[in-house]
Amino acid sequence: MLDQLKCKQSGTLLDVMQVINTNGKGIAFIVDDENKFCGVMTDGDIRRLLLDGKDLSAGIQDLPNSECTVAYSHESFQEMLDKTNESVSILPVLNDANELVDFFQYQNKVYVPVATPNLKGNEFKYLVDAYLSTWISSSGSYIRQFEDEFSTYCQCEYGVAVSNGTVAIHLALEALGVGKGDEVIVPDLTFAATINAVFHAGATPVIVDVDEDSWCIDPAEIEKAISPKTKAIIPVHIYGQVCDMDRIMSLSKKHNLYVIEDCAEAHGATFKGQKVGSFGHISTFSFFGNKVITTGEGGMCVTNDADLNDQMCVLRDHGMSKEKRYWHDRVGYNYRMTNLQAAIGVGQLERIDEILQFRREIEQAYKEICTDINFIQFEKDFENKNRITWLVSALVTNGKRDELIAKLKAESIDARPFFYPLGDMEPYKDYVFSNENSKKLSAMGINFPTGQALTDKLKKRIKSVFQEFA
Ligand SMILES: Cc1ncc(COP(=O)(O)O)c(C=O)c1O
């Protein structure tokens with residue numbers, strides 16, 4: 001990198017511009033033929049010189065600022081750090097012979113990722129235990145333990161751990177016998193995994209709109225979209241919000257349809273005091289690294305139906321008969337989770353309440369930042385629905401969502417837009433029944449990071465960005 005910051009004193013203004021353009025740091029260190037430091041030139045210096053009528057081919061012999069702040073290689077980190085400030089964040093480091101030997105840069109902006117796994121409990125201990133047991137594939141005690149404990153957490157009888165949340169949905173569809181010729185109703189506002197799994201099962205998706213207040217699948221739209229071919233509904237508890245499970249389950253009864261709850265983003269949420277995942281015939285979870293609890297990659301199907309549980313266990317393991325090893329009654333899959341993943345999952349589950357509380361506090365902090373900001377409308381709370389905070393989700397109502405995200409990114413804050421409407425994308429566009437609200441929400445929605453507690457400094461950084469848009 002140091003070479004990309006250097007420019008020879010015998011060069012021209014154009015040479016300096018090229019160096020600055022390549023290193024992207026807005027500065028060049030000027031050295032003579034012996035690598036002796038002559039000074040710095042910044043992009044601002046060049047701009048001023050050009051405005052003063054200097055030519056790009058002009059030599060830079062006398063131009064570098066030799067009065068600039070420099071660091072010396074014998075100085076400590078703290079001494080160098082103390083020389084940086086708001087306007088000087090990068091320093092040339094010189095040796096005693098005044099030669100340029102290094103540079104020092106202090107990025108005052110801590111990167112805030114959209115999500116960070118919180119692995120501070122027993123995860124590592126259990127992982128090492130699984131490792132030392134040598135049961136590192138898909139047999140081993142942590143798998144059963146994770147399945148038992150997570151299904152109990154979801155108020156369900158059975159859990160089938162799988163390799164990710166997408167195959168969990170596919171496995172559920174297969175176990176329910178949903179396939180070619182069947183229609184499956186999915187919401188337009190969701191991650192594509194929900195609809196992809198329907199295609200994987202060979203069924204036909206029917207995309208319906210979401211409710212504009214809850215952002216979840218709209219039961220009235222489900223009802224309109226039901227046809228004689230409809231076999232299943234996949235409500236998605238999107239962004240930690242809870243679908244109207246009373247209305248969805250009554251549609252399921254009335255029309256004899258299966259319900260697969262996609263709970264990938266809503267671990268621990270409840271509807272009328274009952275955990276999401278415990279309403280559907282089968283429900284699915286993801287334990288991807290950005291989810292409330294994680295196993296790296298991973299997922300689980302939960303159910304209260306013993307027969308469906310048996311079928312999923314068989315299908316997950318190549319369709320192999322439980323009674324007769326290497327005998328296959330059905331074409332199955334390898335969708336197994338490893339004991340290593342499950343060990344992490346057991347550790348995560350021990351602290352799920354703490355993790356959810358941590359995220360809730362981050363959401364609260366965003367709300368406090370926004371007390372005098374009126375263009376951010378946070379996710380709503382509804383009677384009888386106890387949603388969770390996955391990411392901090394909100395709508396940007398002033399039409400500047402994308403600019404806000406870009407500005408936050410420039411401040412190293414990894415905010416994300418809502419998912420695109422499924423119906424806007426080529427593979428799915430022919431399957432839309434309705435998606436008006438979803439389109440509107442998708443264009444306005446933003447997810448703020450929940451990976452890191454908001455320190456006072458970070459709150460200030462975020463607030464100053466918000467205020468620019470007020
Ligand atoms: C709503 C939804 N469904 C399904 C999935 C798929 O989960 P995975 O990434 O574990 O396959 C995800 C997440 O990634 C999701 O957000």
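Trainee: Into which domains is the chain divided?
Mentor: The structure is a predicted model. Its chain is divided into three parts, listed here by residue range: domain 1 covers 2–105, domain 2 covers 123–350, and domain 3 covers 352–469. The domains are therefore, by the assignment used, domain 1, domain 2 and domain 3.

Trainee: What distance separates the centres of domain 1 and domain 2?
Mentor: The centres are taken over C-alpha atoms. On that basis, the separation between domain 1 and domain 2 is 57 Å.

Trainee: How many salt bridges does the structure hold?
Mentor: A pair counts when a side-chain nitrogen of Lys or Arg lies within 4 Å of a carboxyl oxygen of Asp or Glu. The number of salt bridges in the structure is 27.

Trainee: With which residue does K322 form a salt bridge?
Mentor: The closest N and O atoms of this pair are 3.0 Å apart. K322 lies in the loop between α11 (306–316) and α12 (339–350), while its partner is in helix α11, 12 residues apart from K322. The partner is D310.

Trainee: Is K322 buried or exposed?
Mentor: Exposed means a relative accessible area over 50%. The value for K322 is 53%, so this residue passes the cut-off. D310, at 33%, counts as partly exposed, whereas K322 is exposed.

Trainee: Where do E363 and K367 lie?
Mentor: These two residues form a salt bridge, with their closest N and O atoms 3.2 Å apart. They are 4 residues apart, and are therefore separated by about one helical turn. Their location is helix α13, residues 352–369.

Trainee: Is E363 buried or exposed?
Mentor: Buried means under 20% relative accessible area. K367 has 25% relative accessibility and counts as partly exposed. E363 has a relative accessible area of 2%, so E363 is buried.

Trainee: Which residue forms a salt bridge with K439?
Mentor: The closest N and O atoms of the pair are 2.8 Å apart. K439 is in helix α15 (residues 436–444), and the partner is in the loop between β19 (416–417) and α15, 15 residues apart from K439. K439 counts as partly exposed at 40% relative accessibility, and the partner is D424.

Trainee: What is the relative accessible area of D424?
Mentor: Partly exposed residues fall between the buried limit of 20% and the exposed limit of 50%. D424 is partly exposed, and its relative accessible area is 45%.

Note on methods:
Residues numbered from 1 in each chain as written. Predicted model: local features only at pLDDT ≥ 70, side-chain atom pairs only at ≥ 80, totals over all residues. Heavy atoms only, no water. Helix = DSSP H or I, 4+ residues; strand = E, 2+ residues; numbered from the N terminus. Buried < 20%, exposed > 50% of the residue type's maximum accessible area, 1.4 Å probe, protein only.
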